Amino acid sequence: MRYTPFIETQFPLARLSAESYKERKANVGQTLTGLGKWWGRKPLILVRAAILGLLMPASDKPERDREIFYKILTMDEDGLWRRKTKALGASGIAQSLKPEEYAGRIEVKAGKAAWVSGVMTEQKEALEKLAFARLPYEEKLTYCCRPEEIEGPSAKAWDEINAHLGTQAHSLQELFAELSEKAFGHRARVGDCFCGGGSVPFEAARLGLEAYGSDLNPVAVLLTWGAINLIGGGKDVQEEVRKAQEAVWHKVDEQITAWGIEHDGQGNRADAYLYCVEARCPATGLWVPLAPSWVISEKYRVVAVLRRNDARQGYDIDIVSGASDEQMRAAKKGTVQKSALVDPEDPSRTYPIASLRGDQRGPKGETIYGLRLWEKEDLVPRPDDIFQERLYCVRWITPEGERIYKAVTEDDLERERKVLSLLQERFAEWQEKGYIPSKKITPGYNTEQPIRERGWTYWHHLFNPRQLLVHGLLMEYSDEKSSMIKNLYLFGRVADWNSRLSGWMPHEGNAKGNNTFYNISLNTLFNYSTRPLLKLDTVWFADYRFYLLSDRNHKILPLDARDVSYTADLWITDPPYADAVNYHELADFFLAWYEKHLPKLFPDWYADSRYALAVRGADEDFKKSMVDIYSNLARKMPDDGLQLVMFTHQDAGVWADLGMILWAAGLQVTAAWTIGTETTSGLKEGNYVQGTVCMVLRKRLGERRAWLDELYPQVEDEVKRQLDSMQKVDDVSQPQFGDTDYQLAAYAAALRVLTGYSSIEDMDIHYELFRARKKNEESEFEKIIDRAVSIATNYRIPQGISPYTWRNLEAIERLYLSGLELERHGEARHGAYQELARGFGVAEYKFMLGDTEANHARFRTPSEFKRMYLSANQNGNDRGTASFAASLLRQILFAIHVAVHTENPKEGLNYLKAERPDYWTRREDIINLLEYLAAGRSLSSLVHWEQDAEAAGLLAGLVRNDYVGSR
Ligand SMILES: C[S@@+](CC[C@H](N)C(=O)[O-])C[C@H]1O[C@@H](n2cnc3c(N)ncnc32)[C@H](O)[C@@H]1O
């Protein structure tokens, strides 16, 4: 290795998390999401930072390295200023500066800020710059575009970058070319064999590097291909795409207009169709329209009202606009509540949907579905099916642009019949040509749901005749090679936004249809929406930002990761580890639209989902495939190549397994970092936070063997070294690392030592990895990792506790205090407390939790503990709680409670002195602990500690003044 990459020494987590979060929050505004749905796409900024971190050499000036890293990514002050797209305005400036700083230039009256007249533009800009500089990083981002949306660093920044790195670059591409040349002697080859939505290959190509992307699933590969060739095609391709899309759109529009299937003949055009399922009520025998709510538009107070009609053995559905409060209330109570049909004649009568379906238990406890399974030709339910389907409302748009909601008329039904017959005429031919899906659904975890709940067995059953007819037409008119290659992925978008699983959102401003994959499943719906052509425009004409890639000749192909034959200098992968996403099942929803076209457009690709080869789960098969894949990647990199494995998982415990897998694959872990990709400030509010862990790996070269007794001291040294170096680079004004980062760093440090050896004692890593273990049985490797965590946890003393006191404490006491430290840092995830307990080797800790809700975890205060778990009060104490009950800390907490309860700190002191024969020998510890507990008072977020902290402070004073001489 010719250099130590920056990412092996540091990775600026706080800013990167904020940038990743900003990118994720841009939703449809993200660069690649517009191409189509893929689950778990990695933020491009994270990929850019990772590639830079891998290629940029670390110097002996870590702080300067970090500044330069920020400059390249335009995450420094100058870069942020260049990215600023929104003005702070007088009020923003007044909020961030002191009045004396803007006096005479901004006037604040009645809470409103305005520029004083006559202030020059330069003066305004200077003030704004000052105010902007004062904002915390995350707030700055609210005024900025993303780094990818500007050219890159300024000329001045380039001078500094070049001076530090010894380069001569004036663009990102030039810089990455030079860094690659220095690192590998050629343009770096960056590969991802789980490329999914294409973030890694796209970003690598955008930086001018050679990109390789493969994925088992051809849908993912199509998206990656589209990222590079369409989004990366620049203005010319943009124009061609637009032309191809417009040409098809106009032809379809003409055809639909000629058929008259979306016009009412009175000048109105359809804007949305609402359908619902109907089922017979067992009590009345009437067909009941089903929906969890009959509200159609919250804002315009539009509701559907059921009116009994015995002649049709069911209900008519009226549509009321401007509904009364009473009608709104009634509509909110739908005819499906808690998975049961509610009889409109007597709402106290409810019938579980599963029993209406007729599901039964088989002899082996399995479910036997009650619904008839649809056959290929079925497009709508048959008359004797349990569930029928019915159009119940049409929203029209008038020539003046007004939206009106109407009940279904006989003309509408006639148009429905026409749609069905037009589709039937084309059905066989269109399936044959692949204009509509013809693929059978392979039952699986997610795909079984539509089969069980509606009897749908083919993918086209997930679309109604209207949807199939419009989509089929779009496809038919796209069917020529030059159009199809530009339009194909659009059918994924159209399918996502217009299926029988597209819900209706009455609460959104104008009320609108939802997409199928608003969550990661295939949930069937009782009422859903259908988009007429007009409403597909935003889906069809996706608004992309195009980039011109200097070279689009990259390798993109569908392939099982075990078979990769490409050699990359940098592998950046994000495996489907213990993932909740069943890519191979869900992607079939899209593949059903593509499968007949892919072979024509990409003759070298396969067009099925290769179910059996998908990496999934976390069991033995999974481990085996992962070892095979990463062993292959280790072979397919030069000796000085690097890998980055990304992995989003909440449970740090799965770390040991992944570490072992990578070890068994012949790789050595050299660093690990967590980036909060889902939320950042949420961390402080205790929200759900998901971190993406990035592990840096190298090929393990040579055979080294270690003995356990020499390993432990090495692990200990490495953990301490790691934590010290992190503390050294940590930014006091804006901490880079949280408690869990330090913990993860400890794992990484242990893995770094361990994975540097090819064997330990006589243990065989493959054997250990696959050995069947009893529940809770730890492998030797896990023990070493646990040991590392325990070293780390004990090494990190909460601020304010002296090392001397810390040494005198039991594990359970250390756990309690470190838990308070977590709380003081705003950490409220249960998992963090669990990890901490694990680090201290404390099995029984839940009894200390004051709030057990998932994201509100914290330890009890003294006043909440009251007498519980006190040695003097043995009731209810068991083995797990006994060490806490007998501890000094527990008695200190109780003394605080006594002081609060009696409103007399002296009482607390008396208690302590009476109960602790070692009061005088441990006096220093007592003072230290009380002062630590008292410090919680200064944190406004800890209101529940207010009284206790105050009492702790008073008690500390009493103990301090309690001299031996004063006895
Ligand atoms: C977590 S995703 C990767 C997401 C990607 N990094 C992105 O930014 O979009 C994991 C990917 O692994 C793919 N996959 C599963 N089994 C595979 C196999 N045996 N070979 C190659 N890819 C596989 C899935 O199709 C999925 O796209």
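How are α37 and α40 oriented to each other? The views below take up this pair, two further helix pairs and the ligand site in a predicted model.

**View 1. Helix α37 packs against helix α40.** Helix α37 spans residues 888-902, and helix α40 spans residues 946-960. Their axes come within 9 Å. The crossing angle is roughly 105°. Angles of 65 to 115 degrees count as roughly perpendicular, so α37 and α40 are roughly perpendicular to each other. From α37, the contact uses A895, I896, A899 and V900. From α40, it uses Q947, D948, A951, A952 and L955. By class, the residues of this contact are seven nonpolar, one polar and one charged.

**View 2. Helix α17 packs against helix α19.** Helix α17 covers residues 410-433; helix α19 covers residues 465-478. The two pack at an angle of about 50°. Their axes lie 9 Å apart. The pair α17 and α19 is therefore oblique. Their crossing is left-handed. On the α17 side, R415, E416, V419, L420, L422, L423, R426 and W430 make the contact. On the α19 side, the residues are P465, R466, L468, L469, G472, L473 and E476. The contact of α17 with α19 holds nine nonpolar, one polar and five charged residues.

**View 3. Helix α4 crosses helix α10.** Helix α4 runs over residues 62-72, and helix α10 over residues 155-165. Their axes come within 10 Å and cross at roughly 135°. That angle makes α4 oblique to α10. The crossing of α4 and α10 is left-handed. Helix α4 contributes R64, D65, I68, K71 and I72 to the contact. Helix α10 contributes A157, E160, I161, H164 and L165. Sorted by class, the contact of α4 with α10 has five nonpolar, one polar and four charged residues.

**View 4. The ligand is surrounded by 24 residues.** The closest are K42, G197, D215, A561 and V615. For S199, a polar side-chain atom lies 3.4 Å from an oxygen atom of the ligand. For L216, a polar backbone atom is 3.1 Å from a nitrogen atom of the ligand. For D560, an N or O atom in the side chain is 3.0 Å from a nitrogen atom of the ligand.

Definitions and conventions. Residues are numbered from 1 along each chain as its sequence is written. This is a predicted model: local features need pLDDT of at least 70, side-chain atom pairs count only at pLDDT 80 or more; totals for chains, interfaces and linings use all residues. Side-chain values use heavy atoms; hydrogens and water are left out. Axes are lines fitted to C-alpha atoms, for helices over the stretch in contact, and angles run from 0 to 180 degrees between N-to-C directions. Helices (H or I, at least four residues) and strands (E, at least two) are DSSP runs, numbered from the N terminus. Angles under 35 degrees count as roughly parallel, over 145 as roughly antiparallel, 65 to 115 as roughly perpendicular and the rest as oblique. A crossing is left-handed if the near helix is turned anticlockwise from the far one by less than a right angle, and right-handed if clockwise. Contact means heavy atoms within 4.5 Å. Ala, Val, Leu, Ile, Met, Phe, Trp, Tyr, Cys and Pro count as nonpolar, Asp, Glu, Lys and Arg as charged, and the others, Gly among them, as polar. A residue is near a molecule or strand if one of its heavy atoms lies within 4 Å of it. A polar contact is a pair of N or O atoms within 3.5 Å; within protein, one must be able to donate a hydrogen and the other to accept it, and residues adjacent in sequence count only if both atoms are side-chain atoms.
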